[in-house]
Amino acid sequence: MRTRPAARAGRAAQYTALLGYLVFLAFPFLWLLSVAFKPARELGSLHPTWIPEHPTLANFRQAFDEQPLLHAAFNSLIAAVGAAVIAVALATPMAYVMARRRTRLARAASGWVVVSQAFPFVLVIIPLFLVLKNLRLIDSVPGLVMVYVVWALPFALWMLVGYVRAVPVELEEAAAIDGAGRLRTLVSVTAPLLAPGIVATGLFAFVTAWNEFFFALVLLKTPEKQTLPVVLTHFIGTEGVADLGPLAAAAFLATLPSLVVFAIVQRRITGGMLAGAVKS
Amino acid sequence: MSLATEKRRTVRRTSGTGPPRGTTGHGAWFLVLPALIPVLALSVGPLLYGILLAFTDAQSGRTAPTRWIGVLNFSDLLHDTLFWESFRIGLLWAVGVTVPQFLLALGLALLLNEDLRLRWLARALAIVPWAMPEVVVGVMWRLVYNPDAGILNETLRDLGLGDGRDWLSGLATALPAVIVVGVWAGMPQTTVALLAGLQNTPRELHEAAAVDGAGSWRRFRTVTWPALRPIALAITALNFIWNLNSFALVYVLTNGGPGGRTRLPMLFAYEEAFRYGQFGYAAAMGCVMVAVISVFLALFLVGRIRGGDDA
């Protein structure tokens, strides 16, 4: 735990604290890896070790045998890509308006972004369930995509507004003076500058949809239609007893895509949030 | 996170060089509608529908038409000891997670703001829990807490601290064990937000204070904290709300057990709605949660306005 940085003995204490944080943050993930590569015999041992003595891929094979992981990954991919593309396509024009114009609408939209963070999912999920059931979109990936789009919109708007603000209005004005029309300005001046922000927002929406659990649990009932997080919970039996090796292997695989995407956009995401959080 | 400064920025923009020239009124509507329609149809609409449902006896798979029953659901809730117990656990969980989360994240953010070796590693690691599916976080910690094959008990045995225990199914240990996971999972967002705030504090002020002989605690209180306060307030309020709404972590870790000791309000409402099919009753629970969250949101907004006045 952090102590007040005493001016002189500070450094040593700081490094100790940092080490503590590193251990706390890293050890669960390392343990997951360790379990994923251990043979069943070592998992049953009463004195588990950090490093598997006989590392094996058997758990991965067993995980694929036990549950339709590939199928689930495909469903997750459709849901996440669909949600990301549609959310960004819908949010970008609106974010532009919100960033550039101070209308009552823009202010109402910002208010909604805040309020939507406080939505208790229980209150939304029951009516959504009934509505989607009437539309025959329950238990279908497209229905889930619709829900994810709406769910990702507030955050997408928030990030995009920050990115639009970072594009100087003066550039657009200069283009207008040079005789470029409204559309021309948007396409050839604003869009290229905004592109990295749009990509970052899309990838972030992808990760949130890929990781989402609650809506998927409620809306998807047929095993062939379920997404990865829901299928992962099937490894845990009703009695709470789990086959640890395959569970760890599958969990590790399910995390890889989000980790990779997050590693790519990490800097941009934090940058985007800062764009909103910090005075320019 | 951006909330704190959002307002100031608005003021500056409107009082500055005049409104920047933008699309015409009709054009703006055209740009806004694509986002507005799905939002109205799939989030504002359902929200209102959900509130209406709370006053009906809606059930799943029933043939008889749904009827209005006034506030019957709410008066039932009032006497539902299980619900209040769940609500109490929910508050314990939300406070128990939010407070340590803030303190730990503040410590980490302060460290990451220093010029330390291995800072890059800590920065990367601090983001990892954010990228993981909540279900995987739950699975991972189940492996850590596992009574036989878990690393926690093994470490305790190695250190000679007894035989360890079954953390997630012990009546006394389940909630604290789950809270630790909640803290771990929520660290990144909080750390990133606070780090942003720290990097925004004026360095010159810090140096001036150091030259004047202010100790680090004093510098923190007089220079860092005032600059950090709006962001700290915003992220803490959001964390609290997110934690009250959390579901997946505890669903995977304990599914509300043992004996309801970790049954958060969300889990309770989920069971009520989708296991027992009591839609109306579950919607009423949702309404109560909205009311509670609204109070916190209002407090937060008031705090934010006051914070803005100070600055």
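**Figure 1. Two domains of chain A in a predicted model.** The centres of domain 1 and domain 2 of chain A, taken over C-alpha atoms, are 32 Å apart. Domain 1 covers residues 10–56 and domain 2 covers residues 61–277 of chain A; such bounds come from an automatic or database domain assignment. This is a predicted model, in which local features need pLDDT of at least 70, side-chain atom pairs count only at pLDDT 80 or more, and totals for chains, interfaces and linings use all residues. Residues are numbered from 1 along each chain as its sequence is written, while chains are lettered from A and ligands numbered from 1 in the order in which they are written.

**Figure 2. Where domain 1 of chain A meets domain 2 of chain A.** Seven residues of domain 1 are in contact with six residues of domain 2 (contact: C-beta atoms, placed from the backbone, within 7 Å). On the domain 1 side, helix H1 (10–36) and helix H2 (40–44) of chain A are the elements that give two or more residues. H1(A) gives the largest share, four residues. Helices (H or I, at least four residues) are DSSP runs numbered from the N terminus. The domain 1 side has six nonpolar residues, no polar residues and one charged residue. Here Ala, Val, Leu, Ile, Met, Phe, Trp, Tyr, Cys and Pro count as nonpolar, Asp, Glu, Lys and Arg as charged, and the others, Gly among them, as polar.

**Figure 3. The largest nonpolar core.** This core has 188 residues, and A:Ala83, A:Ala87 and A:Leu157 have the most contacts inside it. A nonpolar core is a set of buried Ala, Val, Leu, Ile, Met, Phe, Trp, Tyr and Cys residues joined through C-beta atoms within 7 Å; a residue is buried if 20 or more other C-beta atoms, placed from the backbone, lie within 10 Å of its own. Helix H7 (residues 141–166) of chain A gives the most to the core, 20 residues. Domain 1 and domain 2 of chain A both give residues to the core, so it lies between them. Leaving aside residues up to four places away in sequence, A:Leu157 touches A:Ala91, A:Met94, A:Ala95, A:Met98, A:Ala109 and A:Val113.

**Figure 4. The contact between chain A and chain B.** Chain B brings 85 residues to the contact and chain A brings 82 residues. Helix H2 (residues 25–53) of chain B supplies the largest share of the chain B side, 14 residues. That side has 63 nonpolar, 15 polar and seven charged residues.

How values were computed:
Contact = placed C-beta atoms within 7 Å. Buried ≥ 20, exposed ≤ 12 C-beta atoms within 10 Å, placed from the backbone.
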